[in-house]
Amino acid sequence: MSRFATTLQTIADRLDLPQPARSRVLLELAADMDDLDRHFLGQGLAEDEARLRVLEQFDLSDAAMSELAAVHHGPARRLLDRLPARNLRLWERTLLVVMALAAVHTGGWFTRSSQVMHDAGAQAWAVLAVAVIVLILAAGKAYQLFIRQDHRVRRLRTGLAPVLGLSVGMMALGFVLPWVQVLLRLGRPTDLHPVAVMMDWVISTTAMLQVSLGLGLLGALAWFGLAQAVLRIERHESEVLLHLPHPRPEETPCH
Amino acid sequence: MSPHTITTQTLTRSCNEALILAALSAGPRHGYQLALDIEARSRGYFVFKHGTLYPILHKLEKDGLIEGVWSEEGPRGKRKAYTLTDKGRDYAAVQRQSWRDFVAHFQAAAGLEES
């Protein structure tokens, strides 16, 4: 059992690195602290003195932490780190708004220019609206994981379930909305022959299913990719938990 | 950073790099061993706090000058040792010459040359 479990936990809490760098750094520090401790004990130092000397040697300053982060963060994260916190939030919100506007604009263009969307009719707007929300959520999650490289465990799965839920919802809308359309049209007088009305409905339902299943599948694929990334990060995090022993209750804090 | 560049701005960084690369030229070392070796080789003049060593090591590894190798050492678990790469060996050789030049010019400029 490591005598430095508490110190390592403190370092782990302060270490803002993406996985897998974070787990590798922590494992390296843990191993070297133990080895240095053995070295001091081998030199004849008392246990307490050896432990204190190791803690003194491995007291990572804020500057050292920042330097470690600078080495392991990607170029996008290093650029973001240069921005003051207030500017960063503003920049992220601006990016979100621009993305939402771009998604709406693309959706509008797709609706106007696509024969499938034309055949699906007004009911496809509901699916498109959900698709825009899924796009924004998935893009936000991708930004967190790959650009900001924010791999804090408690935030990893936030926002992931809605991406899948809404994607499934889009597919469900493709089955439900055509029947809602039937209910709305029942009893409404029309000049068209019933067969023509039926054919219209079949064409619009087919188109609607294409749109909802297609967009739903894309959303589910996006969820799958993000979920795999989250799983990889969690696996690296668990590697640290397996190899770093947790502090015993009687251990005193290092400082 | 170029091994030819030793300025007042890069002095500390170049010094740290040169000491680490020199220690590694003796063979593979774990991180904690490097600090102890440097202290021993300089007879206590250069003392590396282990906490500040790791950013330097990881930067050198990222630049391809050293290579970190993990090994499973029985019940003690995984350990990481660093070795010099060929690129690191060449870099260190050029850097050593740069330091010799630096020291010679500094001695001349500061009047430290023995008469």
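## Salt bridges across the interface

Two salt bridges cross the interface of chain A and chain B by the rule used here (a side-chain nitrogen of Lys or Arg within 4 Å of a carboxyl oxygen of Asp or Glu). One of them joins A:Glu28 to B:Lys80. Their closest N and O atoms are 4.0 Å apart.

This is a predicted model, where local features need pLDDT of at least 70, side-chain atom pairs count only at pLDDT 80 or more, and totals for chains, interfaces and linings use all residues. Residues are numbered from 1 along each chain as its sequence is written, chains are lettered from A and ligands numbered from 1 in the order in which they are written, and side-chain values use heavy atoms, without hydrogens and water.

## The contact area

The contact (heavy atoms within 4.5 Å) takes 25 residues from chain A and 19 residues from chain B. About 2,000 Å² is buried between the two chains (accessible area, 1.4 Å probe, lost on being put together, summed over both). Carbon and sulfur atoms give 59% of this area. A:Glu28, A:Gln57 and A:Val71 supply 30% of what chain A buries against chain B.

Chain B has an open sheet of three strands in the order β1-β3-β2, with antiparallel pairing (strands are DSSP E runs of at least two residues, helices H or I runs of at least four, numbered from the N terminus; a pair needs at least two bridges). The edge strands are β1 (29-30) and β2 (66-72). B:Arg29 stands opposite B:Tyr82 in β3(B).

α2(A) packs on this sheet and touches β1, β2 and β3 of chain B.

How values were computed. Axes are lines fitted to C-alpha atoms, for helices over the stretch in contact, and angles run from 0 to 180 degrees between N-to-C directions.
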